[in-house]
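Keep the structure open as you read.

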Amino acid sequence: EASAVADDVVNTAAKNGEPLGVLDEVFVRLTGKQLQGACDAALKGGSVELALLIAQAGEHTSLCVDMQKQVDWLQHRCGDVVDGGKGDPEQAKLMQIYRLLAGDIDELLLRMADDAATDQRRVPGGKLLDWKRCLGLYLWYQYPDETHIVLPPEGMTCKKGSDLFHASRMRFSLLGAFQYFTSQLRESNQSLEAPFVSHPFPQYLEASPMPGYGTPSQRPGGGMQPGALRAIGRTGVAKPCALIPPGVMDRCIAVMNETREGKVPGHVVLKAPGGGGGGDGWLREGWPVDICYEIVRMTFQGMVGRDTSLANSLHPLTHSSEAFDSELSWHLQQVLETLSAYSHPPHAHVPPLSLLARRNKLSVSQKCALASQFATQLEMAGQWQSACYVCLSSSEPAPGDTEDAREALTAFGAAQIRGLLCRNLTTKGDGSITVPGVGR
C-alpha cells in the first residue's frame, strides 16, 4: 500500500501538471494511512501544528473526539466561508483534513462530492476517492458514534456487537467498516442526489480525476494488459478453435473491442444480485462489481445483506475489460479449491480465506464451463499444451465430491484432452506424430 500511495501522489501531480500542494499530499497520504509520510509532508510545508495533530492519530488515541469539537467550532465561526464555496480553496482542504482526523467520514465524502461539482480546486488531492480508499477511511478513521450510527446496519447481522469494533472501540473492525461502507453505498445510491460513496468499480473502470461517481469512465490508456491471452483481441486468433462456432468467436472479439473503447455491453456485464427485484438492486444493476469487493463480501457471508455467489464473483468483467478473459477467474478458483481442501489442526485459527473457500464452491457444471472457456482461450492463443494442463487440473476431483461429480469431471477431462490432441497433433504416413512448434 505504501508504494501505491507514493505512486498516487506522483500520478496526481503529473495529471495536474504542477507540484502537488502540501495539503493535497497530506490528504492523499492520510487516505492510504501513511501517517509518517503525511507528517513529513506537513513539516516540509512548514505546517508544524498540522504535523503534531497527524502524529496523534491512531486506534488508541482520543484525537477524533477533540477534533470533532474543533470542527464544530470552525463551522460555527466561519462555516459559510469555508464550506460555502466562498473562501480560499486551501482553507476548504484543511477543513477536510480536520474532518478526516475527527472521524466524520460521511461529511468528508459528501463535501468532496459537492465541491467536485462546483469547484475542483477545493477537492483535496484533486480527485474523488475510489471505493477502496472510501472503505479504508471508514476502517482507519471513522469514529463509530452509536448515537448517530445504527449498528449493525439494517439487513445485516453479527454474532457479537464487539465484532464490529476495534479493541479500543474507537474504530471499526474490518467487519464493522465493511458493513457500514456497504450500508452507506446503498443509501448513497438510493438517494436522489449524486452518490457520495463510490460504486465498487473494477480497477479498469475506476473514475478518472473528476467525472464524479455516477458514471464509469473509459478504461485508462496504455493499451491492453500484458499477457498472451489478451493478444487475441489485438492481433487476432492464432488458431481457430473447433469448440466455438465462428459466429460466436466473432462476437467475442467484437465484445473485446467494445470494452476497450469504454462501451461495456449490458448483456455480458455482471448483474448485481437481486437486481431489479429488490434485495441488492441498489448495486447499480448492469455495472460491473470489483472482484476484490466480492471476495470481501463472501468472507462475511450472511453478515452483509444478501449473499453473493462465487460464480458471479468470477465473472471476467469483475476484473478485466475483456469479457472473454477467464485467466484470473480460473486461477482464483484453483486457489480457493486448494484452500478448501487444506486441513487445519484442531482448535487452530482458520484463516478467513479458507473459510470463504469452504463455504463457496462452484458446481461441477460451472467448474467445467470455466475450465473449458480458459482452455479455449489458451488454444486460440496458440498455447494448446497449456490448455491440456488446465483441463487435467480442472478434472481432478476435490475432497468431498460425490461419485457422480467425480465421474463427470473425469469424463470432461478425457473429452477435452482428446479434442485438443486431435486438433493439434499431426500424424504422418510413417506413423510418426508431429507436434506444432516441437517437431517429432
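A residue counts as buried under 20% relative accessible area, as exposed over 50%, and as partly exposed in between. This model is predicted. By that scale, 47% of the 440 residues in the protein chain are buried. The chain holds 18 helices and 2 strands. Among contacts between residues at least 6 apart in sequence, 64% join residues at least 24 apart.

Start with the nonpolar interior. In soluble globular proteins, nonpolar side chains tend to be buried together. The largest nonpolar core has 54 residues, and Val 26, Leu 101, Leu 109, Tyr 138 and Phe 181 touch the most other members. Several helices each supply at least two residues of this core, among them H2, H6, H7 and H8. Leu 109 is in contact with Leu 129, Cys 134, Leu 137, Tyr 138, Phe 196 and Val 197, leaving aside neighbours within four places in sequence. A second, separate core has 25 residues, including Ile 291, Leu 332, Ala 387 and Cys 388.

Now look at helix H2, residues 22-31. Because 8 of its 10 residues are buried, H2 is largely enclosed by the rest of the structure. Val 26 and Phe 27 are among those buried, and so are the charged Asp 24 and Arg 29. Just after H2, Lys 33 takes a positive phi of about 55 degrees.

What does Asp 24 pair with? Its side chain meets that of Lys 93 in a salt bridge, 3.0 Å from N to O. Asp 24 lies in H2 and Lys 93 in H6, so the pair ties together parts that are 69 residues apart in sequence. Asp 24 is buried at 9% relative accessibility, and Lys 93 is buried at 7%. Asp 24, Glu 90 and Lys 93 are linked in a network of salt bridges.

Glu 25 and Arg 29 meet at 3.1 Å, N to O. They are 4 residues apart, separated by about one helical turn. Glu 25 is partly exposed at 21%, whereas Arg 29 is buried at 17%.

Asp 290 forms a further salt bridge with Lys 132, the closest N and O atoms being 3.9 Å apart. Asp 290 sits in the loop between H11 and H12, and Lys 132 in H8, 158 residues apart. Asp 290 is buried at 4% relative accessibility. Lys 132, at 36%, counts as partly exposed.

Definitions and conventions. Residues numbered from 1 in each chain as written. Predicted model: local features only at pLDDT ≥ 70, side-chain atom pairs only at ≥ 80, totals over all residues. Heavy atoms only, no water. Buried < 20%, exposed > 50% of the residue type's maximum accessible area, 1.4 Å probe, protein only. Core = buried A, V, L, I, M, F, W, Y, C linked by side-chain atoms within 4.5 Å. Contact = heavy atoms within 4.5 Å. Salt bridge = Lys/Arg side-chain N within 4 Å of Asp/Glu carboxyl O.
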